[in-house]
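Let's take a walk through a protein model together, starting with a sheet and moving on to charged side chains. Keep the structure open as you read.

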Amino acid sequence: MKLLFTPVFCLFAFGFANAQTGTIEGRIKDTSGKVVVNGHVILEKTKYGTESDNFGEYHIKAPAGNYSIRFSAIGYKSITKTIEVKTDEIAEVDFETEEKVEMLHEVEISGVKSITGMGYMDDHGGVIYSGKKTEVLLLDSLDANTAQNNPRQVLGRVPGANYSETESSGFPSNGIGFRGLNPTQSIETNTRQNGYNITGDLYGYPESYYLPTLEAVERIEVTRGASSLQFGPQFGGVINYIMKKGSTSKPIEITTQQTGGSFGMYNSFTSAGGQVGRFNYYSYLQYQGSQGWRPNSDYKKITGYGRIEYQASEKIKVGAEYSILRNRIHMPGGFTDSLFNANSRASYRARNWLRSPWNIFAATFDWKISQGTFLNVKSTFNSSARDLVWRNEDGGPQAVDAIDPITNTYSNREVEHEGFNSNTTEVRLLSHYKLGRMNNTLAAGGRFFYGKMKRQEGGVGTTGSDFDLNLVGPYENDLNFTTTNLAPFIENTFRFGEKLSVTPGMRYEYINSTVKGYSLSDDENSVVYSDRSKNRYIFLTGIGLQLRTTSSTNIYANWSQAYRPMDYSSLTPFGTIVTVDPKMKDSNGYNSDLGFRGSVKDFLNFDIGAFYLQYNNRVGMIEKTDANGNQYPYRTNVANSVHKGFETYVEFNPVKAFLGYSRWSISFFNSLALINAKYTSGEYNGNYVEYAPTSIERFGTNLVVGKFSTTFLVSSTAKSYGDAGNSQTPSADAVAGIIPAYTVLDWSGTIHIKNYNLKFGINNLADKRYFTLRTGEYPGPGIIPSIGRSLYIGIGAKF
């Protein structure tokens with residue numbers, strides 16, 4: 001690593017001598033803090049100019065000298081400033097503009113702005129994105145049910161995104177998977193907030209129980225499998241929730257949104273943020289509760305977040321953040337296929353409860369070392385837990401939970417507890433340098449992670465029905481797991497002229513996992529004590545290419561290796577009817593992409609690509625038969641699999657294309673993924689991979705008329721399977737079988753009146769009865785249904 005770093009930095013220092021130009025960059029926002037997309041920024045009386053991207057950011061390279069720089073955009077007031085460009089330096093010029101407002105028949109009308117909600121990312125935050133398949137969603141540009149984090153409406157534009165819709169039936173959050181990977185609790189995806197990990201345990205328990213409320217999220221960044229070198233070896237890539245910041249133009253700005261809906265849903269969101277001297281702060285508090293679509297599915301939760309940043313100097317900024325989740329969820333249980341078909345709104349479990357208190361502390365440090373070199377450090381501490389009390393999984397979903405006529409009481413419930421304590425520190429260096437006449441970019445850094453997880457299960461609980469974690473007998477299993485991870489990485493973008501860039505990279509992963517404690521033997525007649533440790537050393541490589549075809553379009557391609565370790569916690573099942581193979585091996589493979597993306601002025605946005613994912617030793621679910629002839633689900637390394645297909649996203653605005661500026665606008669978007677994910681070896685060669693539909697398509701229409709905007713979305717997902725055997729006849733426990741195809745309709749609208757807004761909509765408009773998950777564990781076991789038709793309406797204000 002030292003041999004690699006030394007020549008790069010020497011070349012970096014040498015290259016500065018021949019530069020003759022400088023860079024102007026900045027960000028454009030309106031007075032409410034929203035970014036301005038597709039704003040024109042030009043150096044007057046020159047040929048130099050550009051448009052702001054989906055983050056409101058712009059970059060211009062120009063010869064050294066003094067200029068007048070002008071911002072303009074439809075619907076906004078123009079601004080002109082003076083700027084001096086110095087050789088090899090970056091001049092930062094931000095614009096804060098106001099909407100142009102005209103009065104027509106005493107009705108306030110503002111200019112129409114781009115409603116494009118999705119684009120792709122350029123290098124920022126210490127990360128190289130050149131040549132990678134990326135998407136970014138701007139939430140303020142979407143009409144969506146953000147109060148309830150509806151995944152179809154918010155993430156539906158991302159091609160190939162498949163959801164595990166379980167938030168209404170016991171899981172604290174919905175899961176997401178891409179390209180035929182398992183969406184359950186996002187286990188194949190690296191989930192982050194503001195660039196840092198928010199899952200329970202990096203490898204030992206990578207499930208997502210906490211997600212920030214989308215009303216406080218500015219944008220969502222998605223990077224596919226090529227993210228494995230800079231973020232970690234997951235096959236499914238990264239999804240990163242970027243939180244809003246406080247207004248930079250006032251000391252305090254308060255936003256409130258109050259939303260009510262079907263089944264007793266009430267959501268209260270309030271945020272405060274602002275700029276006081278060198279300090280910028282933002283915080284929010286959300287309360288949400290509901291009686292639930294099914295009996296015994298009521299829940300309540302409180303989510304909060306606070307951040308404060310201090311600009312210590314022109315080059316140094318420090319910050320601190322805290323995220324909190326408190327909840328209590330009533331779990332209505334799962335179904336067999338026959339029970340689901342009879343009444344998908346019924347419940348056969350009244351005594352199952354879950355809570356998942358989450359606490360995440362983060363400290364950040366940003367240092368602008370020089371005009372082209374930036375250092376970013378993020379250190380987080382996670383102290384969280386998951387507690388469960390339930391009539392356990394024994395007997396499957398068809399087992400009756402009834403009062404015993406002899407004892408006149410229910411059976412004892414089972415109590416489970418998992419505690420997570422971890423620290424993650426990530427350091428990222430991003431350096432722009434010149435080698436000869438080439439402008440290159442270096443990204444390097446590393447991650448240190450240490451996590452402890454305590455797992456206690458099989459505790460004998462009370463015979464009651466309410467939320468009660470008290471024990472009347474000991475735990476059957478009491479295990480302590482640790483994970484230590486050290487992972488340096490480096491990527492470098494070499495640019496050949498103004499159009500072609502090549503980005504090779506590598507990552508080294510050291511993983512140590514341990515387990516100590518006791519558990520009952522398989523026959524439950526003896527106690528087994530564990531004290532084991534295992535080391536792993538993984539070397540990953542990758543390369544990306546990007547060819548700029550025009551100023552707003554490019555061709556991208558990448559290939560990178562991926563890895564998924566099976567640590568000790570993965571081999572010890574928790575609250576499940578599934579038997580786990582104790583000899584499971586680690587999975588490995590690679591991702592690759594080839595695509596063409598870009599935009600045509602402000603009326604066409606597109607990304608058309610193909611992918612190929614090789615997944616060796618893939619972990620999946622099969623059905624086995626015991627000595628008595630009874631079938632049971634078994635999790636093991638099924639075989640190697642290949643996931644390949646096409647992904648397209650196209651958004652077209654005919655009004656802007658043919659009429660230009662107008663008081664109204666309409667656009668259409670289509671997100672399509674064609675996926676062929678099959679096993680390529682072993683007993684199930686040729687079978688479809690579990691939870692891998694062959695097609696996922698979403699078509700939407702956006703209409704904007706003055707202060708009113710509305711979106712109608714049609715989401716169609718093809719059938720998939722819950723097991724590697726592709727069982728046509730469902731198993732008795734409902735773990736194996738078909739997950740039928742479904743089409744769901746969603747409609748949302750927003751009206752803005754000065755500082756107020758009215759949001760409303762209907763989810764699952766046609767009341768489609770469907771499900772996305774068959775599970776052998778809680779919140780089941782069995783089929784977990786998705787919510788039927790629901791309505792919501794909310795009013796908000798900003799002061």
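A quick word on terms: two strands pair if DSSP finds at least two bridges between them. Strands themselves are DSSP runs (E, at least two residues), helices are runs of H or I with at least four residues, and both are numbered from the N terminus. What you're looking at is a predicted model, where local features need pLDDT of at least 70 and side-chain atom pairs count only at pLDDT 80 or more, while totals for chains, interfaces and linings use all residues. Residues are numbered from 1 along each chain as its sequence is written, and side-chain values use heavy atoms, with hydrogens and water left out.

Now find the open sheet: 6 strands make it up, in the order 11-12-17-18-15-16, with mixed pairing. Strand 11 (118-119) and strand 16 (196-197) sit at the edges with a single partner strand each, so one side of each has no neighbour in the sheet. Further in, strand 17 (residues 217-223) runs antiparallel to strand 18 (residues 238-243), and 6 bridges join them. Arginine 219 stands opposite isoleucine 242 in strand 18.

Side chains of opposite charge can pair when their charged atoms come close. We'll call it a salt bridge when a side-chain nitrogen of Lys or Arg is within 4 Å of a carboxyl oxygen of Asp or Glu. The count comes to 31 salt bridges by this rule. One of them joins glutamate 218 and arginine 219 (2.6 Å, N to O). Both glutamate 218 and arginine 219 are buried, where buried means under 20% relative accessible area, exposed over 50%, and partly exposed in between (1.4 Å probe, protein chains only).

Which parts does the bridge between aspartate 746 and arginine 152 tie together? Their closest N and O atoms are 2.7 Å apart. Aspartate 746 lies in strand 42 (residues 742-753) and arginine 152 in helix 2 (residues 151-155), so the pair ties together parts 594 residues apart in sequence. Aspartate 746 is buried, at 0% relative accessible area, and arginine 152 counts as buried at 6%.

Glutamate 647 and arginine 179 form another salt bridge (3.0 Å, N to O). This pair links distant parts of the chain, 468 residues apart: glutamate 647 is in strand 36 (residues 631-652), and arginine 179 is in the loop between strand 14 (175-178) and strand 15 (190-193). Lys133, Glu135, Arg179, Arg224, Asp593, Asp607 and Glu647 are linked in a network of salt bridges.
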